[in-house]
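Here's a quick tour of a single chain, from the overall fold down to one residue.

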Amino acid sequence: MEYKASELISKYLRSRKIPSTACSGCGLGMNHKIVVQAIQELGLGVEDIIWGTSIGCAGRQTFATWKGDGFAGTHGRVYAIARGLRVALPPEKHLILTVGDGDAFGIGLTHLIHAARSNANMTVIVNDNLGYQSTGGQYGWTTPQGSKTDSSPYGMFEHNLMSEGLDVMHILKGAGATFLARHVSMDGLKAVETVKKAILNRGFSLVHMPYPCPTNFASRELGSRNQVNIYRWIKDHAAPLGQEKEDTIWATGIWYDASNSRPEFSQMVWDTVDKIRRTGKI
Ligand code: SF4
């Protein structure tokens with residue numbers, strides 16, 4: 001079911017923060033709406049979610065937008081704060097983090113791996129604008145190879161986490177994540193369904209969501225800020241898993257689902273504390 005943005009905003013978001021300060025035509029709002037719609041469809045209320053944000057375009061535009069409780073972490077550190085909160089919070093509360101590609105796969109990768117390793121119950125939404133756009137458009141870990149950016153005027157030529165068969169999802173699966181998925185912003189209701197599953201996993205979930213940045217990525221790679229062109233470019237380079245073409249960059253859908261298959265971090269902590277209290281040993 002499609003919901004009007006205004007309904008979701010009045011129920012879940014702080015009206016003074018909407019519209020955000022994102023550039024005109026930025027795709028981040030579509031990702032934000034997908035997450036809020038998933039929350040609505042799960043029948044969750046403002047009091048059921050603790051929302052964490054980080055740095056960069058994704059963190060800045062979603063910071064303090066949630067009507068309920070929230071927190072902000074420094075660059076790449078929001079997962080460490082969330083792990084601590086996970087132990088302190090009642091288990092029925094959901095933790096949702098909106099972070100960027102640098103936060104998740106650059107400076108924050110080690111913290112992210114440890115959140116996955118411990119299977120801490122949180123849902124990480126990686127809003128990927130394909131590089132360092134809030135600092136002017138430098139290339140990063142997910143910038144498609146060959147793309148022209150502020151720091152790669154001849155085209156991005158490095159190996160990265162999304163090229164030549166490499167995929168950061170392999171790292172996260174190996175680290176112990178129990179739910180991994182990828183969608184582009186234009187996936188709409190399919191992405192909503194995936195985010196619902198991610199939230200319902202009682203363990204570490206991550207949904208990677210590349211989105212269009214007209215201001216910096218498009219202006220350098222496509223030569224203009226024309227919004228139609230960048231939306232089309234991203235859509236054309238995405239395909240459902242199993243239907244990839246030669247030029248597919250993002251295979252979309254549920255990449256790995258082992259929901260509820262491993263003990264969850266905070267449950268292990270509290271079970272262990274309880275056992276020590278009762279028996280004096282582990
Ligand atoms: S720089 Fe790009 S990603 Fe950042 S707010 Fe502007 S359009 Fe969006």
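## The whole chain

Keep in mind that this is a predicted model. The chain holds 11 helices and eight strands. Its C-alpha trace spans about 65 × 40 × 35 Å along the principal axes. For 282 residues, a compact globule would have a radius of gyration near 19 Å, and the chain's own 19 Å agrees with that.

If you look at contacts between residues at least 6 apart in sequence, 67% of them join residues at least 24 apart.

## Helix H2

Helix H2 covers residues 28-41, 14 residues in total. From first C-alpha to last it reaches 20 Å, close to the 20 Å expected at 1.5 Å a residue. Just after H2 comes Gly43, with a positive phi of about 75 degrees.

How many of H2's residues are buried? The helix is mostly covered, with 10 of its 14 residues buried. Among them are Asn31, Ile34, Leu28 and Met30.

## Ala191, over in H8

Ala191 sits in helix H8, which runs over residues 188-200. Is Ala191 buried or exposed? It has 27 C-beta neighbours inside 10 Å, so Ala191 counts as buried; the cut-off for that is 20 or more.

Leaving out residues up to four places away in sequence, Ala191 touches Ile34, His183 and Met209. Ile34 is one of the buried residues of H2. Asn31, also buried in H2, lies 160 residues from Ala191 along the chain, yet their C-alpha atoms are separated by 8.8 Å.

Key: Residues are numbered from 1 along each chain as its sequence is written. This is a predicted model: local features need pLDDT of at least 70, side-chain atom pairs count only at pLDDT 80 or more; totals for chains, interfaces and linings use all residues. Helices (H or I, at least four residues) and strands (E, at least two) are DSSP runs, numbered from the N terminus. The radius of gyration is taken over C-alpha atoms; the globule rule is 2.2 Å times the number of residues to the power 0.38. Two residues are in contact if their C-beta atoms, placed from the backbone, lie within 7 Å. A residue is buried if 20 or more other C-beta atoms lie within 10 Å of its own, exposed if 12 or fewer, and partly exposed in between; C-beta atoms are placed from the backbone. The expected span of a helix is 1.5 Å times one less than its number of residues.
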